[in-house]
Amino acid sequence: MEIIKTYKPGQDGSKRYVQKYGEQLCAVRYRRSPCKRTVYTTVEIIVAQRDAYQRQDRERGNSKWVALKIGQKELTLRGEVKRIGGRWSRVAKVWVVQRSLAQSANLDHRIVEGLVTSCTDIPTWD
């Protein structure tokens, strides 16, 4: 279905839905059917709300995951980090690995404390 128009709460075309849904209303959309004979009105509403989940393991100091700074030409070291499960972060341009594995591979001197919080493209699981 093709979207004809989208209205935010309070704009003309959405006022009667603001009265019905109140603060829950996010948007009102008018859509046209594929045969172009029917116009549908849809509403987007908030059905639940919660605080955003904050990863405790990425906090500075007690992080289970750390960022390692390794130069581009240090191929042997990069291979070692890959072998222990390290992942490259394109965002921060560092390798992300579990702290315990970095320490067991004697890479403590490569750890950049706090930088792992910038590695938003690398998920960490425990």
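Me: How are helices and strands defined, and how many of each are in the chain?

Reply: Helices (H or I, at least four residues) and strands (E, at least two) are DSSP runs, numbered from the N terminus. In this predicted model, the chain has three helices and seven strands. Along the sequence their pattern is β-α-β-β-β-α-β-β-α-β.

Me: What should I know about the model before reading further?

Reply: Residues are numbered from 1 along each chain as its sequence is written, and side-chain values use heavy atoms, with hydrogens and water left out. The model is predicted, and local features need pLDDT of at least 70, side-chain atom pairs count only at pLDDT 80 or more, while totals for chains, interfaces and linings use all residues.

Me: What does buried mean, and what share of the chain counts as buried?

Reply: A residue is buried under 20% relative accessible area, exposed over 50%, and partly exposed in between (1.4 Å probe, protein chains only). Here 27% of the 126 residues count as buried.

Me: What is a contact, and what share comes from residues 24 or more positions apart?

Reply: A contact means heavy atoms within 4.5 Å. Among contacts in the chain with a separation of 6 or more, 54% come from residues 24 or more positions apart.

Me: What is a salt bridge, and how many does the structure hold?

Reply: A salt bridge is a side-chain nitrogen of Lys or Arg within 4 Å of a carboxyl oxygen of Asp or Glu. The structure holds six salt bridges. One of them joins the side chains of D12 and K15, at 3.1 Å from N to O. D12 is exposed, at 55% relative accessible area, and K15 is partly exposed, at 45%.

Me: Which residue forms a salt bridge with R110, and where do the two lie?

Reply: R110 pairs with E74, and their closest N and O atoms are 2.6 Å apart. The pair links distant parts of the chain, 36 residues apart: R110 is in the loop between α3 (99-104) and β7 (111-112), and E74 is in the loop between β4 (65-68) and α2 (75-83). E74 is partly exposed, with 28% relative accessible area.

Me: How far apart are E80 and R83 in helix α2?

Reply: They are three residues apart, so about one helical turn separates E80 from R83. The two form a salt bridge, with the closest N and O atoms 2.8 Å apart. E80 is partly exposed, at 26% relative accessibility, whereas R83 is exposed, at 60%.
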